[in-house]
Amino acid sequence: GGGSEGGVAAALCTLHHLLWSVCVPSALLVTIVLWGVLYPADKARGHQRNELNPASFEAHAINTLLLLLDGAANRLAVRAADFYLTLGWATAYVLYAWAQYAQSGFWPYFFLDLSSWAAVGWYSLLIALFAAVYAMAVGGSALKARCAGLAVDGAALAPAPQPPPGATLPSARDALLQAGP
């Protein structure tokens, strides 16, 4: 019946939004790590791992660019309230890397290697970078909403109520607070 179709559509919209909130900050983080950590380390070692092979370039640069272009065109918002879901995704990846190492003795990335005290610094840096990237994604969503005259409403950006004539626009701080939970 019509009622169950509406429920399925609502569930798919929610799922789409949650996937968006995970994918955008994750793609940004991975791209920053590739260009800011992995590529320079690989270059210093004479490109032993060939970090910029065509598949890597496509996955870590073009994918992020396409997500950002999609984000400029759609009404989806990365909300602060979804931070823990994205943190869970990143944690699941780290646990996967640990399990992979336990089975194969191979670390996919040198900065995940727990055999030295440097890991404390690397993991701390990754957590701080993750939080900063997520905050940038939330801020970008708020900026997109403000520029388009939209308000963050649940999973998507909706037309914002129009201020009375002569009213001033809200500050960037207010726009960021509006994007929160």
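Q: What is V24 in contact with, leaving aside its neighbours within four places in sequence?
A: V24 is in contact with L67, V78 and A137. Keep in mind that this is a predicted model.

Q: How many residues does the largest nonpolar core have, and which have the most contacts inside it?
A: The core has 24 residues. Those with the most contacts inside it are W20, V24, V33, V78, F111 and L112.

Q: Which elements give two or more residues to this core?
A: They are α1 (2–44), α3 (83–104) and α4 (118–148). α1 gives the most, with nine residues.

Q: Switching to α3. Which of its residues are buried?
A: F83, T86 and A97. Seen down the axis of α3, these fall within an arc of 85°, so they line one face of the helix.

Q: And what exposed residues sit on the face turned away from that buried side?
A: That face of α3 carries Y84, Y96, A102 and Q103.

Q: How far does α3 reach from its first C-alpha to its last?
A: 32 Å, over 22 residues. That is close to the 32 Å expected at 1.5 Å a residue.

Q: What follows α3?
A: G105 does, and its phi is positive, near 75°.

Conventions: Residues are numbered from 1 along each chain as its sequence is written. This is a predicted model: local features need pLDDT of at least 70, side-chain atom pairs count only at pLDDT 80 or more; totals for chains, interfaces and linings use all residues. Side-chain values use heavy atoms; hydrogens and water are left out. A nonpolar core is a set of buried Ala, Val, Leu, Ile, Met, Phe, Trp, Tyr and Cys residues joined through side-chain atoms within 4.5 Å. Buried means under 20% relative accessible area, exposed over 50%, partly exposed in between (1.4 Å probe, protein chains only). Helices (H or I, at least four residues) and strands (E, at least two) are DSSP runs, numbered from the N terminus. Contact means heavy atoms within 4.5 Å. The expected span of a helix is 1.5 Å times one less than its number of residues. The arc is that of the directions from the helix axis to the C-beta atoms.
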